[in-house]
Amino acid sequence: MSENDDTFAGTAARSTTHSAREDDQLKHEIEGMIRAGRSTHAEEWKDPEPAAEGEPDVDSSPADTLLGGVPNGMTPDAVVARAELARWLDRADFPATGPDLVEAARDHRAPDAVADELAKLPDGQTYERIGDVVRALGYPTET
């Protein structure tokens with residue numbers, strides 16, 4: 001018997017949830033993971049290794065602050081600018097002149113702000129890598 005062509009009678013009335021007991025057990029299993037801001041593994045060997053003593057935590061927070069990830073001699077703005085430029089230029093785009101890099105960035109569908117920044121590069125100079133581009137644009141680089 002069917003209600004319509006392909007549906008068995010009574011399937012619309014069936015529940016797809018677990019029993020109340022199974023729901024409570026599943027909630028209990030994941031409660032620690034939801035509440036804790038840390039690992040909830042009972043076996044220590046399952047936890048990820050922490051950073052070594054003296055090593056910085058290389059992390060980028062959602063608030064655009066780089067914690068422990070800014071190289072000596074650079075500012076957070078310079079790190080973000082270099083990353084944004086490198087995001088839109090491939091290794092295959094180098095060596096290139098300033099206009100070639102603007103064209104390559106536009107070919108990669110870079111935002112106008114990136115193309116405008118690359119357009120500031122001095123004419124007549126060839127750039128071998130992204131570090132050369134960043135230095136030519138006046139951003140500080142790591143020491």
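Of the contacts in the protein chain between residues at least 6 apart in sequence, what percentage join residues at least 24 apart? The value is 41%, where a contact means heavy atoms within 4.5 Å.

This is a predicted model, in which local features need pLDDT of at least 70, side-chain atom pairs count only at pLDDT 80 or more, and totals for chains, interfaces and linings use all residues. Residues are numbered from 1 along each chain as its sequence is written, and side-chain values use heavy atoms, with hydrogens and water left out.

**Confidence and overall layout**

The predictor's confidence in each residue is given as pLDDT, from 0 to 100. The mean pLDDT of the protein chain is 76, and 69% of its residues reach 70 or more. Over residues 6–12 the pLDDT stays under 50, and the model has seven contacts beyond four places in sequence for that stretch.

The protein chain has five helices and four strands. Helices (H or I, at least four residues) and strands (E, at least two) are DSSP runs, numbered from the N terminus. Along the sequence their pattern is α-β-β-α-β-α-α-β-α. The accessible surface of the protein chain is about 11,200 Å², and carbon and sulfur atoms account for 49% of that surface; such areas come from the Shrake-Rupley method with a 1.4 Å probe, and for residues only the protein chains shown count as cover. Of the 143 residues, 20% count as buried. Buried means under 20% relative accessible area, exposed over 50%, and partly exposed in between (1.4 Å probe, protein chains only).

| Helix | Buried residues |
|---|---|
| α2 | Ala-78, Val-79, Ala-81, Leu-85, Trp-88 |
| α3 | Gly-98, Leu-101, Val-102, Ala-104, Ala-105 |

In helix α3 (residues 98–107), Gly-98 is one of the buried residues. Seen down the axis of α3, the buried residues fall within an arc of 165 degrees, so they line one face of the helix. The arc is that of the directions from the helix axis to the C-beta atoms. An α-helix has 3.6 residues a turn, so residues three or four places apart point the same way. The cover over the buried residues of α3 includes α2 (76–88), β3 (96–97), α4, β4 (126–127) and α5 (130–136).

Helix α2 has 13 residues, which at 1.5 Å a residue should span 18 Å; its end C-alpha atoms are 19 Å apart, which agrees. The expected span is 1.5 Å times one less than the number of residues.

**The nonpolar core**

A nonpolar core is a set of buried Ala, Val, Leu, Ile, Met, Phe, Trp, Tyr and Cys residues joined through side-chain atoms within 4.5 Å. In the largest one, which has 18 residues, Leu-85, Leu-89, Leu-101, Leu-118, Leu-121 and Val-133 touch the most other members. Helices α2, α3, α4 and α5 each supply at least two residues of this core, and α3 gives the most, with four. Leaving aside residues up to four places away in sequence, Leu-121 touches Gly-98, Leu-101, Tyr-127, Val-133, Ala-136 and Leu-137.

**Single residues**

Glu-117 lies in helix α4 (residues 112–118). Glu-117 is buried, with a relative accessible area of 17%, and touches Leu-137 and Tyr-139, not counting residues up to four places away in sequence.

Most residues other than glycine have a negative phi, and most peptide bonds are trans. Arg-109, in the loop between α3 and α4, has a positive phi near 60 degrees. Arg-109 counts as exposed, at 72% relative accessibility. A cis peptide bond joins Phe-94 and Pro-95, with omega about -10 degrees. Pro-95 is in the loop between α2 and β3.
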